[in-house]
Amino acid sequence: MSNAMYNKMWHQTQDTLNSLLDKESQHMMESQSNQIFIFQMLATFYIKYVQIFRNLEDVYDQIVHPQKRILIRKILDGVMGRLLELKNEMVELELTEFHYFDDILQDLKLAPQQLDIPIPKYFLKEKLEVIKGREKILAQILADIGLDIPDKKYTTKSIPLEEAVKLIQIAERARQGRLRAMFMKQIFLQEYRAKQARMLGEKVIDMGAAALQIQKVWRGFSQCQKTKKQREEEMIFLGMDPPPLFNEVSATIIQAEKVSSLRNETQVKHEENYRKALVTIKNDLKLIEGPDIKENLQDQIRHWFIECRNLTGTFPEYPNVEEGGSAIIFSNKTPQQVTEDIIANQEEEEKNKKKKKNKKAKKPKKPKKEKEKKGAKEKNKEEDEGWKMSPSVFLPTMQEGNNVYKDLWKNKDESWNFPQNYDPELIKQEKRKELESEIRVQVDELMRQELKNLKLAVDREKEYPVKAGKKKGGKKKKKGKKGKKGKRGKKDKDLTADRTIESLYKELVEEGLLIQALKVNLSDYIGSATVHEKAPLVKSLLLAGPSGVGKKMLVHAICTETGANLFNLSAANIAGKYPGKNGLQMMLHVVVKVARELQPSVVWIGDTEKTFYKRVPSAERMMEPKRLKKQLPKILRLLKPDDRILIVGTTQRPFDAELQSFCKVYQKIILVPRPDYASRFVLWKQIIQRNGGIITNALNISCLAKITDGFTQGHIVEVVKGVLTDRRIRQQNYKPLMAAEFIAMLTSMSPVYQEEEESFKDWYAKTPMGKKRALALMGGNTEKEKDKGKKKEKKGKKEKKKK
């Protein structure tokens, strides 16, 4: 796609966003009572924002104009934040993390794939060099301490010379034996053919019958081949089989990738030119327009002095630097408008002083009963009003970006800027404002002195007492600030103030607390720094499910896709490390400090139920699995909204943990189920191909998917790796894969039984979200009625005591 195509795509997306913002502003104030209608409204907004996000992400990745990219990035962050807000609204409404949009997708004529949220490419692009440098440092530290993971499949080890000679001899003798066997087989076949020829030599051969036999065999073979080809074509036509070159990369895609890489290079060049232009254009403006701006400001302020003197009889008070100086007075106003405002303010101040003198008596306090009645009325009003959408933090950001787009870019003529480099006029507009504010500070200092001289010369007014009062007040405030800083210092004491982040990083790697994330991809979105500051904050996440469903893989995928550091604080991993209470405090301090400095970071707690054991098994008491139980809530409290740190726990036995403390630590709990038929079909196909297998008609994948009901992704991976050895991969050309080979290995494995799956569902029903959902399904009014009954009983008891 060309620059014009991406510009057109941006304009179309902005139009869609504009209409969606208008609809949202209409629905924001409306109250609704029908839950189905509310969910459909939220889901429709969510799906439309996903489409806008996908388009904007593509545009931001490929467009080369640096100033456009700044605006698109701002809107893109706003859209991501709004997506998270709408997701949070749907979770609170339906009390579940999973939602079904089938009907809405059908109405909007969208495919399920269009609901996937891609991970923004700029997550890794913008900090690619930092991530690569960090990976090199980590690999070097692991290599130095002997914990590096070899990339090669086979490792070389030295053996004695005698053993090497024996191995060579065995291999050579085996080779000679195979050759001898082939030679003997050829001799045997020659003798057998000669014997058959002698036996048939006496019979008279009918040439016509022989030719007919050959024709019959050939015609049968050729017809089988034609029928087979026709059947394949029919299956491709019906969409049951992929076309022949379906898995091959086309020349168009290769060309598109080349263009994309060239576009990225152009982006970098234009960004560098834009940064340089910001400096050079500002310097040019300072030299050319700076003196004129200074003179105009001085004339404007002098004119204000004279007008105020003529109207009020006295010179005005000049605003302080803290208040904004003269900028606060002349913000889009003429000197005449400013003087009128000053006169009006003076009159209002005099009126307020008179009112304060007249009002000596204080208002009588309202009795408690009236307050309680008012509170009850307000509650009843809220209940009658119904559901209203929560106020959004990101809608103003998107609206602001949309307005900038309308004013600057919607109808802008860019015929002169074919390469899509920076626009110098826009830079001049921005830098003029910056330059004016800088010059205004200097002018304010000069004009304050000039005003002082005017007052001394004309009015003979002295400001020394006022100045002294201001200085005293300033000192008091500074003292108060020092006291506050002292208190903060005590709370957030840095235990490793004398050490560098690099040394702490190395220590965590050597102790095995900071580990290398596996290269696993993920088709899901985390947040960027801007979104994290305002979006509904999720500090902790729990992934619960049977063994082998991919919980650990998800943790590694999060780190791979976002370039995050991975800290392992599992009970088994921290056993024996940093012993004692002080040691534990130091470990957590170092982990949080490094995680915050090198964010984004993921703190992983594997088998997290051990940290919250109801009863510690006798075999694990020496390991002290509950060391982190009291410390985890403290870590969560230390995390700020702008900290991109996520605590992820994984568990396959959540029912062994204390539910109350477990749910306090983990804000989001997600059950990872075993795969269904469709997932298993895709899993078998992809895992076999990834491990070197060739899928032919002889391999019935549908049969494998049906048979493996109850088995997890881990089971399927283990079976495929066990069957597809190097020898079996080489044999595929003449011996295609069969389903029976995989089924044989499955017999030795135990699946996830229905009872185990039900136990996970029963446990989830006891969590806060599970309880709310169960109550909502029952009707939702039972708890309110119980609370009302309890309140009435308490009131009755209090009245009896009073009597």
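Helices (H or I, at least four residues) and strands (E, at least two) are DSSP runs, numbered from the N terminus. This is a predicted model, in which local features need pLDDT of at least 70 and side-chain atom pairs count only at pLDDT 80 or more, while totals for chains, interfaces and linings use all residues. Residues are numbered from 1 along each chain as its sequence is written, and side-chain values use heavy atoms, with hydrogens and water left out.

Helix H7 (residues 161-200) contains Tyr-192, and this residue is partly exposed at a relative accessible area of 46%, where buried means under 20% relative accessible area, exposed over 50% and partly exposed in between (1.4 Å probe, protein chains only). Together with Phe-188 and Leu-189, Tyr-192 forms a nonpolar patch on the surface, the three having about 310 Å² of accessible area together. Such areas come from the Shrake-Rupley method with a 1.4 Å probe, and for residues only the protein chains shown count as cover; patches are made of residues with over 30% relative accessible area and no salt bridge, like charges being joined within 9 Å and nonpolar side chains (Val, Leu, Ile, Met, Phe, Trp, Tyr) within 5 Å.

Side chains of opposite charge can pair when their charged atoms come close. With a salt bridge taken as a side-chain nitrogen of Lys or Arg within 4 Å of a carboxyl oxygen of Asp or Glu, a search of the whole structure finds 25 of them. Helix H14 (residues 424-459) holds both Lys-428 and Glu-425, 3 residues apart, about one turn of the helix, and their closest N and O atoms are 3.8 Å apart in a salt bridge. Lys-428 is partly exposed at 28% relative accessibility, and Glu-425 is partly exposed at 44%. Helix H14 also holds Arg-440 and Glu-436, 4 residues apart, which form a salt bridge with their closest N and O atoms at 3.2 Å. Here Glu-436 counts as partly exposed at 32% relative accessibility, whereas Arg-440 counts as buried at 9%.

A further salt bridge joins Arg-728 to Glu-741, with the closest N and O atoms 2.7 Å apart. This pair links distant parts of the chain, 13 residues apart, with Arg-728 in helix H26 (residues 726-730) and Glu-741 in helix H27 (residues 739-746). Arg-728 is buried at a relative accessible area of 7%, while Glu-741 is partly exposed at 23%. Salt bridges that share partners also join Lys-282, Lys-431, Glu-434 and Glu-438 into one network.

A pair of aromatic rings is described by the distance of the centres and the angle of the planes. Rings of Phe, Tyr and Trp (its six-membered ring) pair if their centres lie within 6.5 Å, with planes under 30 degrees apart counted as stacked, over 60 as edge-to-face and the rest as tilted; by this rule the count comes to 13 aromatic pairs. Phe-39 and Phe-101 form a stacked pair, 6.2 Å centre to centre with 5° between the planes. They link distant parts of the chain, Phe-39 lying in helix H2 (residues 35-62) and Phe-101 in the loop between helix H3 (66-94) and helix H4 (102-107), and both Phe-39 and Phe-101 are buried. The rings of Phe-612 and Tyr-666 have their centres 6.4 Å apart and their planes at 65°, so this pair is edge-to-face. Phe-612, Phe-662, Tyr-666 and Trp-763 form one aromatic cluster.
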